[in-house]
Structure formats: C-alpha cells, structure tokens
Amino acid sequence: MSTQTETPAAGKPEADQSPEPKPNFMRLFGRYLTEANSVMVTIYSLLLAFLIGAVLLIVSDEYTRSTFSYFFARPQDAWYASRDLVVESYTALFEGAILNFNTLEQYQAGQAEFGNLLRPLSETLTYATPLIFTGLAVGLAFRAGLFNIGAQGQLIFGMMGALIVGFSLDLPIWLHLPLAIIAGGVAGGLLGAVPGVLKASTGAHEVISSIMLNNIAALFLVWALGTAFLHSETKPDLVSKPVDDSAVLPTLLSSLNPSLRVNLALVIGIAAAVFTWWLLSKSTFGFRIRAVGFNEHAAATAGMRIGSTYTTTMTAAGALAGLGGAALALGVSSGGITTNTALDYGFSGITVALLGRANPGGIVASALLFGALKAGALSAQPDVPVDISTLLQATIVLFIAAPALVKAILHLRTPRGGLVTLEAKGW
Amino acid sequence: MAVDTAPAPALVDDRARARHPKAGATYAVLGLLLVLAAVAWLGGRTTVIAVDRTLTDARWAAPTLAAVVVLGAVCAAAGAWMIAGLPQRRFKLASTAAVAAFVLALLFWAYSQEGTVFRAESILAGALFLSMPYIFGALSGVVCERSGVINIGIEGQFLMGAFTGVLIANITGSVYAGLAGAMIAGSLSTMLLALLATRYQVNQVVVGVILNLLALGFTSFMYDQLKKAEGFNDAFSMPVITWGPLADIPVLGPVLFQQKLFVYVGLAMVVVVWFLLYRTRWGLRTRAVGEHPAAADSMGVDVNRLRYWNVVAAGLLAGFGGAWFTLGNSLAFNKNMTAGLGFVALAVMIVGRWNPLGVLAGALIFGFTTQIARDLSAAGSSVPGEFLQMLPYAVTLVVVAGLIGKARAPKADGVPYNPGDK
C-alpha cells in the first residue's frame, strides 16, 4: 500500500468549479464535511461501521428479533428493545476500554482508588501494544508494495524466541531483558525473511507464502509447547515455562494499583514507531523501500536491487512483529505462553496498518483505537460477542480501503487531489 | 458460433534437447539419499497394502527395502537423464516420474512401521473427498482470475458458505436448502468484491484480505450470538450415494461410486467449467477480458459487466465448497473452521495454471497429502501429528515457490479496467 492518489473516475468533469460566493468559515467547514478527503472518509468509515455493527447486534439478538415479529402491532417495543440493546452493548465496550461509570461513582463516593479508574485505559494500552508492532510490520512492508499477511506467524515465532532466551539464560536484568527482546525480533525476522527471499528468488506471491507460514508457525507452537524443553514443569495443560524475573518487562503503573498491567513494551512500541518513521522518511533504506513500492521498474532502472529490497523489508517487518511477540512473552504472558496468547494480533495488524494508511503515526493511533475495541470486547463478553471487535475492525477498514464506496453511499464530493486509496501488487 | 479453439503455436522446438542440471541434480541426490537411507534403516521391514472395503481379505506385503531402493533408483535415474540432456517434450515426463517415485518411496517407508496398513480404498476415497474444497475454491478462483479479478477472499467465501449452509439447513430442516443458502451466501460475498473491483476499482488484493477478515468476524460474531439459542447450528449429515453394482468394483467402486454429492458435483464442475471456458462464446470472452480487456472492449464486450457477473457466479462455487466443511463433513459450524484452506485452494489454482483440468490434478495431490497426514497421525506415526498437519501448507509453500515463476497469470489479472483511459 504505497498510498497513492487516484484520479477521479473518468467521464465526470468536476461540475462545481463555478465561481463561488465568498467563503466564510461555516461554508468552508460544510464543504470539508461533505468532501471525501481522507480525514472525513476515516470518520465516516467509523460511523458506518458502528451503524452496521448495531444492525447486526439487533438482527442476531433473540429477544430483540422476537419484538420485530409483532412490529406492526407495537412498533415501539421493537424500537425500545433495539435502542436498549445497541446502547447497552456499545456502553459496555466503552466501559471496558475507556472509563467504567460504576467505578467512577465509587471513586466519587470515596470507595475506589484512582488506580481502579485507570484500569480500562491500562487494558486498552496493553492490547494496543502488540498491535503497534504488528501494524508497523504490515505497514512497513506495504510501503515496499508487499502485503505482509504473515505478522501472525512472525509474532508467534517472536514469542518463542523471547521465551527461550527468557527462561534458559541466567543473566542480570540489564543484559537479560534486552537479549530476550532482541531474540524475539530475530526469530520473527527469520520467519519474515522467508516470503521475502521466496518472492525475490522465485516470484512466489508473499500473500500465499506468508499465510502458509502462519499456519505452520501456529502448528509449530502447539508442538513446541508439548516438548519437555518448553513445557511447564508445574502445570499439566499446554503452557510454557515462565520467563525468569530478570527478563520480565517492568510494569509502568502498578504502583498505583496492581491490576494495571500496561508495561514497558508500550514505550518500546512507540520507540519502534518513531524508528520506523525515521527509517522510512529519513534513511536511504527507507527511500529505497518507498521507491520500490511506488514503481519497481523505475527503481530498478535507477539501479536499485528489487530482490534484496524485498528480502530486507520483509526481514525488518518480521522483526517488528517478532518484537510484538517478545512484548507478549515477556510482558502480560511472562508466566507462560499458551496457544491462545497470540490471539489475532497479527491479523489485526493488517487492519491497523490499513486504517493508519501505513504511516507510523497513523498506525499508533489506529492501534490505540483497535486496542480499545479489543479491551472493550473482551471485558464485555459474554453479553456482547467478543468477535464484535474483529467485525467492526474489518468493516472500518473495508470502507477505508474503498473510499469510493463511502463517497457513493453518502454522496460526498471528490476532493481536489482525488481519492486516497491503498495499493498492493497482484501476482 | 465460430470460436477459435486451436492451440497456440508452440514457441519452443519440441525436438530440441536440453540439459537441466539444477533440477536433475536435485532429483539425483534425493534418489541416492533414499537408496542409502533405505539400506541403512529399512532392512527386514514390510509394507502391507490392503484393499479394505470390497475385498476385505486381500492383502499384499511388499519388502520395504526393495521397493524403496527401486523407487529411489528411478528417481535418481530421472535426475541423471535430466543432467545428461533430454528431449524438451520429455522433461515433464521425467520430472513427474522423479517426483512420483520419490513420493511413493516415502509412502512405502511411512507405512512400513509395525501396525500400519495402507488401506488403499479408504485412503483413496478419503483423498478424493478431501480434495473437494480445493476443487470448488480453485475453480471459483479460476473463473474470477480468468476474467481479470484476483479473488484472495476464497477463505471468506468458504466461511460464509459453511456458516450459512448449516444455518439454513437448521431453519428449513433440509440439507439441500442449506446447500442453496451456502451458494447464495458465497455469491453475496463475492458480489461485494465484484462491486468494489469493477465499479469502485479498489485494489483487489487489499479488499480480498479485508473480506476474509470480515467473513471471519461476521461468522464468529453470529456463531456466538446464535449459540445462545437452540437449533441454529446442529450438525446435518448428507447421504452417501451408492451406484448399485458399480460400487462393488474393487478400488474404483469405493473411490468413485460410493461418495457424497459433493464429489460428483465437484468432478462435474471441473468438466463444466473447462467446457465453458474453452468451448463457448462466454469462455472466449472471459479469457479475452482477463488477458486484454481493451481489445475485448473494442470488440463490443462490456468488460466490467462481464467481470461482475463472472465473479458473482464464481461465488456460487466457493459457497458450495464452503458447505463441504459443515454439511459435507456432518459437522456444526465452528469459528474459523476453514483453517486457511481457502488459501491452499488459491495455491491449487496456481499449480493448476488457471485451468480447470490442472486444478483437478492439483486438488487431488493436496487432498491425497491431507489424507495421508490424517491417516498416519491416526495410526500413531513416529512423526508428531502437528508436523503431519503442516504437510498441506508446506507443500503449498514449496509448490508456489517452485512453480509460479513458470506459471503465468492472466495478463490483466487484478488490474481494474476503466473504459475511459485506453
């Protein structure tokens, strides 16, 4: 996804080029709101996605559906039931992600500490942290025109790499923790290199090869957790050994309240985003990535080696996802990883990168948004199905990827520069 | 109806001799390694092959050592032939022989362990059944990509078909209504792809991946919601169709004439899609639109309209393939139950070189691999089950890496067509 501007669909000359009355603020603001520029497309995508989510909540809820069976006799029943369901569900998401109103009341009455109040926010940041890494992993590859769907597998490998260094070495913390984090990055980078090398040497499409590696990595984890080397010595179920204390990422806010899980990985994630920004916009390597992503033939003509750019970019992307795995294995899951630890962070990384339009800053912002969705959905289950976060994410990025669709649904105007779309190469 | 079906003139002189040192050396080394390994480890073992369903007593025990040595020698010989230089038209034969010998040798080896029996009929019948999702998915991909739209979303269409199939079957009480529902669900999800790819000219790879996520989120969400109530996700089974006396023919009977509806429909669809693509006006136009849309447009074909309806129709196939996961296997729906097989189907399409007959061959290979992996892991193989489960994915990786360089996608595949900018 080298973000490219697309000229408006042909055959429709812009009609509203007529002389305009003198612009005032409200008119300009109104124009901005009705234009399909990238800010408004993002906002409308969010609104449309939550609207679709609401419709699905109503349709799939048994009680609410039953009120629609006598809709024409008492429409107000259906209306109230639907409204209550949607408001309750989205409030539950909000309370799990940002601020719990019950805790707020308790805090005001002096029954809860300030730390309790921060808990939803801490959860949001905790879930956002791996998403920053995987989002960067997908976004960086996107800039080279590569679609890295393998962040899930790379994250799993990163988890295993960090875990192995984390429990098998006996070192002081200032050496052990960095080594374990780096081991995660190296393991993820090794797996990420495979689709890059395959694409460079044989032309195999990275989408298929990285998906296959995802499946292979997931099965490999299942097998590895069962081996005597990794399997927990105390628990019978499929859990790994815990990481040594000297390799655990310190938490940031647990002095306020022990339930605040957000840890140093968040800071590392933001540092990784800054580094990626620097890499992409200030370094020679980043220039090569962008040149290859923008037009590989032109880049080749200019003397850049396309194959080696693919390989190094995919390795760097894999390393970023691997760091995300290290953040999990040394952070929230330092007591032992399971097959469930990776959740769907890798796949969500794709949506994070798309929503962030492959810019490091945008990726951090969208990781926070999707982290909030995940934290909200996990705390609101089972009242609200946990997969509502996946559903909302996919719907949001579907609209982001298809600005023309948003424009057509809402009858927006084409902005002056054309619509901003996302690109990845075909076979 | 004048349709040009003559094959394109051969670009390479078939009689020319050519050397293939790299490929040849690989096969030669693999073959020799097999022979050495067999001599070292396989002395005294036997491989038992049984025709288990029709002739329950027929068993044939082969000495594993001899079999593996002979097959390894065949593989090495084919490799040597390639190094020495062989007529160009014999290259396919030699490489097929080498690969087949190698795989057969591995099979003899795998089934030489104590207590494992190669139950020929069950395994072949199972392999054909397991190749069905690949056939439906890859055929759907062929129809889309031949008309110039990349369909990465097969996985999502499988999920939609699997979920809707069992849901509609539960609501109506009829498996066949479920099948129809699955096809419509698959078609609705490709309709979104078609709309975005043709009218809104969105990048098809990006949208395909998003549609997969959307289908995963949607089906998982609905699964959780509907789980709260009874009777939406109960397993339905389909009857095995037996063709009277034909089913009693040894080997062929259980494999071909004692299967579920999916197998017959799948095999028929291979032929139907092949016929439609290469022998009808629609097929010629579809291929033209996929290769050179501007040329097709100048001959009066409405490119985007044809693409739209082809992609929608391809969704029917993928949705039907999705129903295989639930209705075909008599299972209830479960989250992410397709486990990436939609992407394997995509690899099958590439292996089959965007041709229905190639798809059949590729799907059979993958189905066979999956079946062997399942059978061995059930029989208690010394290889961990997880590695056996990796086999289809690993084979996909090898195949995609080894073949796509040579396989050529339709030229306009994935390129939106805008009649304005010719």
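Two residues are said to be in contact if their C-beta atoms, placed from the backbone, lie within 7 Å. Helices, for their part, are DSSP runs (H or I, at least four residues), numbered from the N terminus.

Good morning. The structure above is a predicted model, in which local features need pLDDT of at least 70 and side-chain atom pairs count only at pLDDT 80 or more, while totals for chains, interfaces and linings use all residues. Residues are numbered from 1 along each chain as its sequence is written, and chains are lettered from A and ligands numbered from 1 in the order in which they are written.

I begin with a helix pair in chain B. On the side of helix 6 of chain B, B:I154, B:E155 and B:F158 meet B:L341, B:G342, B:F343, B:A345 and B:L346 of helix 14 of chain B. These contact residues divide into 6 nonpolar, 1 polar and 1 charged. Here Ala, Val, Leu, Ile, Met, Phe, Trp, Tyr, Cys and Pro count as nonpolar, Asp, Glu, Lys and Arg as charged, and the others, Gly among them, as polar.

How do the two helices pack? Helix 6 (residues 154–172) and helix 14 (residues 341–351) of chain B have axes 7 Å apart, at an angle of about 130°. Axes are lines fitted to C-alpha atoms, for helices over the stretch in contact, and angles run from 0 to 180 degrees between N-to-C directions. Helix 6 of chain B is therefore oblique to helix 14 of chain B; angles under 35 degrees count as roughly parallel, over 145 as roughly antiparallel, 65 to 115 as roughly perpendicular and the rest as oblique.

Next, the interface between the chains. In chain B, 48 residues are in contact with 48 residues of chain A. Helix 8 (204–227), helix 14 and helix 16 (385–403) of chain B are the elements that give two or more residues to this side. Which of them gives the largest share? Helix 8 of chain B does, with 16 residues. By type, the side of chain B that touches chain A divides into 31 nonpolar, 12 polar and 5 charged residues.

Finally, one residue of chain A. A:Q393 is placed in helix 16 (residues 388–401) of chain A. Is A:Q393 buried or exposed? A:Q393 counts as buried because 28 C-beta neighbours lie inside 10 Å; the term requires 20 or more other C-beta atoms within 10 Å of its own, with exposed meaning 12 or fewer and partly exposed in between. Leaving aside residues up to four places away in sequence, A:Q393 touches A:S348, A:T351, A:F370 and A:L373.
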